[in-house]
Amino acid sequence: MILGSWPGTLKGNQFLDILAKSLESHGARFVAIDSPKKSVHSPVEALLMQWPDQIFWKARPGRVPYLAAISQINSLRRWRQSGKKLVWIIHNDVPHDLNDRQRQLWTYYAHALSSLSHGYMTLSPATRSVVLRRHPGLSTKPNSSFRHPSYPSVTRTAAQAR
């Protein structure tokens with residue numbers, strides 16, 4: 001099986017490297033997908049959507065990336081229509097540091113992601129109930145989890161960790 005990871009690479013992300021090597025040790029080929037829009041016709045059979053909230057990372061301060069969200073959703077819809085599987089790896093139920101307008105867009109964007117996903121994964125079995133409260137559209141979909149330790153150099157306040 002050929003698995004794509006979107007976004008493709010985060011330089012120096014040791015946990016992504018561990019995930020890739022783990023999947024490869026079980027016979028999968030793990031490839032980087034920079035953009036679902038550009039890769040829908042690739043030989044990838046399943047796409048691991050790891051950071052769909054990257055639409056906010058690239059937004060100019062104070063801007064809400066509506067066009068980026070619409071473009072990604074349309075691209076993911078084409079992936080699904082082409083028979084490829086979509087698996088959402090949910091790192092945060094709501095991305096950190098969003099302004100009010102971005103948070104509102106996230107609600108609609110995440111609803112679309114929930115609808116398009118064939119299944120989902122959480123970073124701990126304990127977070128499944130939190131994810132389903134936030135994304136009830138995932139409740140009937142296959143799911144799994146893998147333990148993801150905290151990044152040693154990252155500290156967050158209690159409010160940020162929610």
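A cavity is a set of points, on a 1 Å grid over the protein atoms alone, where a 1.4 Å probe fits but cannot get out. Grid points are joined across faces, edges and corners, and a volume is the space filled by probe spheres set on the points. This is a predicted model, in which local features need pLDDT of at least 70, side-chain atom pairs count only at pLDDT 80 or more, and totals for chains, interfaces and linings use all residues. Residues are numbered from 1 along each chain as its sequence is written, and side-chain values use heavy atoms, without hydrogens and water.

**View 1. The cavity.** The count is 1 cavity of 30 Å³ or more. The largest cavity has a volume of about 60 Å³.

**View 2. The cavity lining.** Lining residues have an atom within 4 Å of a point. Among them are Gln50, Asp53, Trp88, His91 and Trp106. Strand β4 (residues 85–90; strands are DSSP runs of E, at least two residues) gives the most to this lining, with 3 residues.

**View 3. The buried side of helix α1.** Helix α1 covers residues 14–25; helices are DSSP runs of H or I, at least four residues. Phe15, Leu16, Leu19 and Ala20 of α1 are buried (under 20% relative accessible area, 1.4 Å probe, protein chains only). They lie on the same side of α1 because they cover an arc of only 140 degrees around the axis, taken from the directions from the helix axis to the C-beta atoms.

**View 4. The other face of α1.** Ile18, Lys21 and Ser25 are exposed (over 50% relative accessible area) on the face turned away from the buried side. Glycine 27 follows α1, with a positive phi near 95 degrees.

Conventions:
On a 1 Å grid over the protein atoms alone, a cavity is a set of points where a 1.4 Å probe fits but cannot get out, and a pocket is an open set with protein on both sides within 12 Å along at least five of seven lines; lining residues have an atom within 4 Å of a point. The expected span of a helix is 1.5 Å times one less than its number of residues.
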